[in-house]
Amino acid sequence: MDACGRILASCQLLRKATRPNLALFTHVCSSNGVQAALARYSTHPMTEEVTHQRPKVTLNTIRSLYRQNIPIASLTAHDFPSAIVADRAGVDLTLVGDSLAMVALGYENTNQITVDEMLSHCRAVARGSKAPFLVADLPFGTYEVSAEQALESSIRFIREGNMEGVKLEGGIEMADTIKKITTAGIPVMGHIGLTPQRSVSLGGFRVQGKTTIGAKKLLQSAQALQDAGCFAIVVEAVPPPVAKFITQALTIPTVGIGAGSVCSGQVLVQLDMLGSFDRFSPKFVKKYANGFETNSAAVKQYVHEVKHGLFPTEEHTYPMRNEDDIKKLEGLDIAGAKVSSSGM
Ligand code: KIV
């Protein structure tokens, strides 16, 4: 095997290595003047697959990103295509959030969705995800009754939904439940601040921790969740100074949504940030695309083209095997064709 071949083989091995290692390897190769090998690697037939195939994100990866102060990019996915988009874009943690109840299934709030409905979406997301760490929301009513109920629900998400961890909403009162699930070996992500499943008792979708007392309560909850074994905590809709106060006090990552840039990572609902959900948009959502308008315009154009015979054109059709057959077909008496086809 020549030098280039060895480098190619190493590159393929490194597909299984961590991203920092891959970056280091690339740097070493370049500085050793072996760009030719890397160029060959990048035009190798495997390139397409290689560039899309990142090392699997594990809990260790998340801990390592946290230790290195590298923000954790999290995003929801609710189906196969959105899971692929998240995976290929480099998302570290894909969340099958119960936000899917509202943005994908059209429910009034998140409390309507059942475990069975969630599981079907989880399996689709798992089929579309290779690298991201996969977490699913425990839906409302499936973990509050007892720690045993919460563990049973969590097991279903791992076993039937092909998820790697679960997320649940609530503060200090959920600590024993979280301990039960994490002791069984299931990674748990906490969720404090604005907890949509409890929005009625919170008086609506309201910013949390706006006072010193509120901020201290959130910190107590965060610490209890950390002690119970959470690997990370979503902090939703709290002022950035409060998110900072919590983030600095913890030794596990905070993943913010509407909590400013001080958290250890960020999460958004994919359909929100793509501008595909047109009913409402929380202040904390940045729209990176105008999905609803783009899709509506495309579908309108399709309807127009169908109605006016403009679609399909030849490029979207299949040819006959022989030109002669077209002529024969055109000269064929339809009544005769019926007789002969029924005789076949
Ligand atoms: O349900 C969800 O998508 C969530 C995220 C917004 C954190 O909980």
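In this predicted model, D137 has a relative accessibility of 2% and therefore counts as buried, the limit for that class being under 20%. K167 is likewise buried, with a relative accessible area of 2%. The two residues form a salt bridge in which the closest N and O atoms are 2.7 Å apart. D137 belongs to strand 3 (residues 133–137) and K167 to strand 4, so that the pair links distant parts of the chain, 30 residues apart.

A search of the whole structure finds 8 salt bridges. Among them is the pair of D87 and R54, with an N to O distance of 3.2 Å. D87 lies in helix 6 (residues 80–89), whereas R54 lies in the loop between helix 4 (47–52) and helix 5 (59–67), 33 residues apart. Both D87 and R54 are buried.

The closest N and O atoms of E164 and K56 are 3.0 Å apart. E164 is partly exposed at 25% relative accessibility, as is K56 at 37%.

Helix 11 (residues 212–228) packs against helix 12 (residues 240–249) at an angle of about 30°, their axes being 10 Å apart. The two helices are therefore roughly parallel to each other, and their crossing is right-handed. The contact involves A215, K216, L218, L219, A222 and Q223 of helix 11, together with V242, F245, I246 and A249 of helix 12. By class, this contact comprises 8 nonpolar, 1 polar and 1 charged residues.

Methods. Residues numbered from 1 in each chain as written. Predicted model: local features only at pLDDT ≥ 70, side-chain atom pairs only at ≥ 80, totals over all residues. Heavy atoms only, no water. Axes fitted to C-alpha atoms, helices over the stretch in contact; angles between N-to-C directions. Helix = DSSP H or I, 4+ residues; strand = E, 2+ residues; numbered from the N terminus. Parallel < 35°, antiparallel > 145°, perpendicular 65-115°, else oblique. Left-handed = near helix turned anticlockwise from the far one by under 90°. Contact = heavy atoms within 4.5 Å. Nonpolar A, V, L, I, M, F, W, Y, C, P; charged D, E, K, R; others polar. Salt bridge = Lys/Arg side-chain N within 4 Å of Asp/Glu carboxyl O. Buried < 20%, exposed > 50% of the residue type's maximum accessible area, 1.4 Å probe, protein only.
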